[in-house]
Amino acid sequence: WNYIMALDTYANLKTEIANYLNRTDLTSYLDTFIELAESRIARDLRLREMENIDTSITTVSGTQSYDLPTGYLEMRYVAYQTNPYTFLTFLAPPDFMRVYNAGEGSGTPSHYTIIGSKIYLGMQPDAAKVLELGFFKRPTGLSAVNTSNDILTNFPDIYLYSCLAESEPFLMNDERLQVWASLYKEAVETANNSAQRGRASGAPLNMTARMVV
């Protein structure tokens, strides 16, 4: 328990990685292990701490595509900030392209898709409206400047086990790789399941039906 309490900063994490590996000659490689671990964490975790709302996009008449926010990982919802809110329905890119294209006309888009680093709106908007994106955002990486983040604060075991798992291929220690990878996987599953329960706790679940035409 004490080691978890100590994993509260970038510097302490690097110290603990070296302690677990029982190596004093890895200082120049620790940042690489952390960067690789953060890429793995961004792929695997979907926690409340990673949810973000962005309202920086205002639609422009005739413009169908817009850059996704920095750090975007996965969309939760897309809506116009109207009264009441108008939520857009996601279409997979092939379905979207079959229905909409740059010459489809203009109006109030009701669908969207994600292609590469852009969000595309079904038909060209005919007016300026604020677009609200609810999405999972990649946590800011650890560094000497950014010494902590929500994931390290709330889930230090995930950071530690992921860093250790990333270190073992470099150290050519296949036996230990399975140990750290297993502990990391268990910690991620527990965190994701807890986050899912937390989103629905205290409120009844309502079923809604929507038809895409």
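I count two strands as paired if DSSP finds at least two bridges between them. The model I am reading is predicted.

**S7 and S8.** I looked up strand S8 (residues 118-121) against S7 and found four bridges joining them, with the two strands running antiparallel. I then checked the hairpin of S7 and S8: two residues lie between the strands, and Gly 116 has a positive phi near 60°.

**S5 and S7.** Next I turned to strand S5 (residues 89-90). Its pairing with S7 is parallel, over two bridges. Thr 89 has His 111 in S7 as its bridge partner.

**S2 and S8.** I followed S8 to S2 and found three bridges between them, again in the antiparallel sense. Here Ser 65 has Tyr 120 of S8 as its bridge partner.

**The sheet.** I wrote down the strand order as S2-S8-S7-S5, an open sheet of four strands with mixed pairing. Strand S2 (65-67) and S5 are at the edges; each has a single partner strand, so one side of each has no neighbour in the sheet.

**Cover on S7.** How many residues of strand S7 (residues 111-115) are buried? I noted four of the five, so the strand is mostly covered, with buried taken as under 20% relative accessible area.

Terms used: Residues numbered from 1 in each chain as written. Predicted model: local features only at pLDDT ≥ 70, side-chain atom pairs only at ≥ 80, totals over all residues. Heavy atoms only, no water. Buried < 20%, exposed > 50% of the residue type's maximum accessible area, 1.4 Å probe, protein only.
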